Every structure is written in structure tokens, then in C-alpha cells.
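Please consult the sequence and the model shown below while reading.

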Amino acid sequence: MANLQNEKYGIFAYIITLFFFASMEALAKYLSETFTVIQIVWARYAFQFILVIIVIFFIEVFGYNTGIKKPKLLKIQIFRSLSLVLMTYCFFASLSKLPLVEATIISFIFPLITVLLSPVLLREKVTFSSLIAVSIGFLGMVVALIPNADFNNFNENNDWFLGILLGIASAFFYSLYQILTRVIANKDSAVTSLLFSGLAGLLLTSIFVIINVDPVSLEKAWKAPVIYEWLFLIFVGTLGAIGQFFILLAYSKARALTLAPISYIHLLWATIFGYLIFNYVLNIQTLFGALLIIFSGIYTYKKKINN
């Protein structure tokens, strides 16, 4: 009964997690109309890192052990953190070029990419049925994006195509991040990994801020924010930090395989924010494509449970 109760708390915490991450992404898209992507990503990691340091300080002051230690698998932590930063940049860049819902739909092909990467990185076998699920998922992505495609005017729609490529890249890096997280899961504490990834994100994005160039748009990276814009940038990092806190709480209460199918609630939050903030209404074809991706993703997770 206690385990069942913990699972319920974990599921609730995970739904809150997805709300905060979707909120952060909606705000990042809104800010992309004013700031470069690299400046927004810098703010996401800078203020998250500062907030995490403050929280850890107070936890230690009150005599609690945070479990922070030098990473046992330093190289894996570095590659994992780089994957997370690259995922964030590519996804925020995709958001700057695509509707919120479409960018989120593309990002949810990551479980399918994980299936393709697992034999290489984890030496796991891939079944024929899993490959069928992957094919259906990619088909779903194509179906979801077709309504906004204009193949006759490629030059005029290059931002749209670039947004799709960046979205796929973000899914690839997130898949890599997930695989590397599994490798270090029982080696380093969650707080150590959280602090390390935040620091890596801050350092990497700061390089581009210092040399003042956005790596994709090649525009000047930094625009001096006014006071209310600073508040928005701080809020991006704060939402990210709160989301990270709740995801740690969720995984401490419930199994990963229990939470995995619930990830698709993220699409619901994205649809709501897309409508309320950007006046985007989901069309039937895009919805059908999203359902194909959800079906293939949940099938993939169930195969993991059965195995």
C-alpha cells in the first residue's frame, strides 16, 4: 500500500514537472522574438545554477546531507551534460521557428531514437516489433507536420525546415542524454548530476555570450535586457530549476517505467499554452500525427516492461 501511495505522489509530482517545463518552453518561445536563442539558454542555466547553489547551501546549513561528491564517471558526466545543453539549445532554436505544439511533437520522437541508439551504446537487442513502432512514430511526425509544409517554396520556408531539423537534433541529444543517465544512475547522486549539468550548461553558453555570437543565427548573442526582460530571463531559469526539483522528487517516488507514458501530458500543456499565448489551434491532421507518436512511444515503453 505504501508503494502504491508513493507511486501516486510520484505521478502527481511528474505532472507538475511537465507543467513547469512546458511553461519554461512557452516563455522561451516568447522571448525568442526579442533575444537570441543562446542568450535565453544562458539564462536558463545561469539562474537555475544560482538557485540550485542557494538551495544546496541552505540544506547543508540545516544539517542535511545533499550527497554531493566528485563524479565517479567524469567523462560520462561531461558527455551527458553536453548532450543536455545541446538538446536545450536545439529545442529552443526549434521553438523560435515553429509553433510550440509542433516543436514539442517533434521532440517526442526521442524514445524512438533511443531504440535505435541502444544497440550501439547499451548493447541492447532491438526487436522487429520495436522497429515497426519506430517507423510508425516517424510516420506520425511527418503526418503532424505536413499541414504547414510548402515544398514548392523551400527558400521562403527555410526557417520552417531548419526548425524541423533542429527539433530532430534536440530529440537525438535528449535520447543520448537519457541513455547516459542510465549509465550513471547508480554511480552518482541525483544532486551531483543536477549540479554538474547546470555548471556545464552555464560554462558552455557563457563562451558564446562572451564572444558575442549565436552559433546558429550568427547574430550578436547579447542584447541588454531592460528590467522586466531580466525578470523574464530569471523566470526561465527558475522554471527550469523547479522542474528539475519535481522530476527528482517524482523519480524518487515512482518507477521510471511508470512515469514514462505520462510524459505525453507535456503535449497537453504545450497545446494549452500554444492556444492561450500564441493563439495556435491544433488541427486534426497534426493531432492524428501526435497520436501516432504517442502510440508508438507507449508501445516501446511497454515492450521494455515486458522484457
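The model is predicted. Its helix α4 spans residues 100–107, and eight of the eight residues of α4 are buried, so this helix is largely enclosed by the rest of the structure. Two packing partners of α4 are described here: α11 and α7.

**Helix α4 and its burial**

- The buried residues of α4 are L100, V101, E102, A103, T104, I105, I106 and S107.

**Packing of α4 with α11**

- Helix α11 covers residues 265–278, and its axis lies 8 Å from that of α4, at an angle of about 165°.
- Since angles over 145 degrees count as roughly antiparallel, α4 is therefore roughly antiparallel to α11.
- The crossing of α4 past α11 is right-handed.
- On the α4 side, the contact is made by L100, V101, T104 and I105, while α11 contributes H266, L267, A270, T271, F273, G274 and F278.
- Sorted by class, the contact of α4 with α11 holds seven nonpolar residues, four polar residues and no charged residues.

**Packing of α4 with α7**

- The axes of α4 and α7 cross at roughly 40° and come within 8 Å.
- At this angle the helices α4 and α7 are therefore oblique to each other.
- This crossing of α4 and α7 is also right-handed.
- E102, I106 and S107 of α4 form the contact with W160, I164, G167, I168, S170 and A171 of α7.
- In the contact of α4 with α7, five residues are nonpolar, three are polar and one is charged.

- S107 belongs to helix α4 and is buried, because its relative accessible area of 15% falls under the 20% limit.
- Residues up to four places away in sequence aside, S107 touches F91, S170 and A171.
- S107 and G167 are 60 residues apart in sequence, yet their C-alpha atoms are 5.9 Å apart in space.
- S175 is located in helix α7, which runs over residues 158–184.
- With a relative accessibility of 0%, S175 counts as buried.
- Apart from its neighbours within four places in sequence, S175 is in contact with F110, I113, T114 and L117.

**The largest nonpolar core**

- The largest nonpolar core has 79 residues, of which Y14, L31, W42, F92, I105 and I109 touch the most other members.
- Helix α2 (residues 37–61) supplies the largest share of this core, with 12 residues.
- I109 touches F138, M141, I168, A171 and I293, when residues up to four places away in sequence are not counted.

- Most residues other than glycine have a negative phi.
- N212, although not a glycine, has a positive phi of about 60°.
- N212 sits in the loop between α8 (190–211) and α9 (227–253), and its relative accessible area of 28% makes this residue partly exposed.
- L218 likewise has a positive phi, near 65°, in a residue other than glycine.
- L218 is in the loop between α8 and α9 and counts as exposed at 63% relative accessibility.

Terms used
Residues numbered from 1 in each chain as written. Predicted model: local features only at pLDDT ≥ 70, side-chain atom pairs only at ≥ 80, totals over all residues. Heavy atoms only, no water. Axes fitted to C-alpha atoms, helices over the stretch in contact; angles between N-to-C directions. Helix = DSSP H or I, 4+ residues; strand = E, 2+ residues; numbered from the N terminus. Parallel < 35°, antiparallel > 145°, perpendicular 65-115°, else oblique. Left-handed = near helix turned anticlockwise from the far one by under 90°. Contact = heavy atoms within 4.5 Å. Nonpolar A, V, L, I, M, F, W, Y, C, P; charged D, E, K, R; others polar. Core = buried A, V, L, I, M, F, W, Y, C linked by side-chain atoms within 4.5 Å. Buried < 20%, exposed > 50% of the residue type's maximum accessible area, 1.4 Å probe, protein only.
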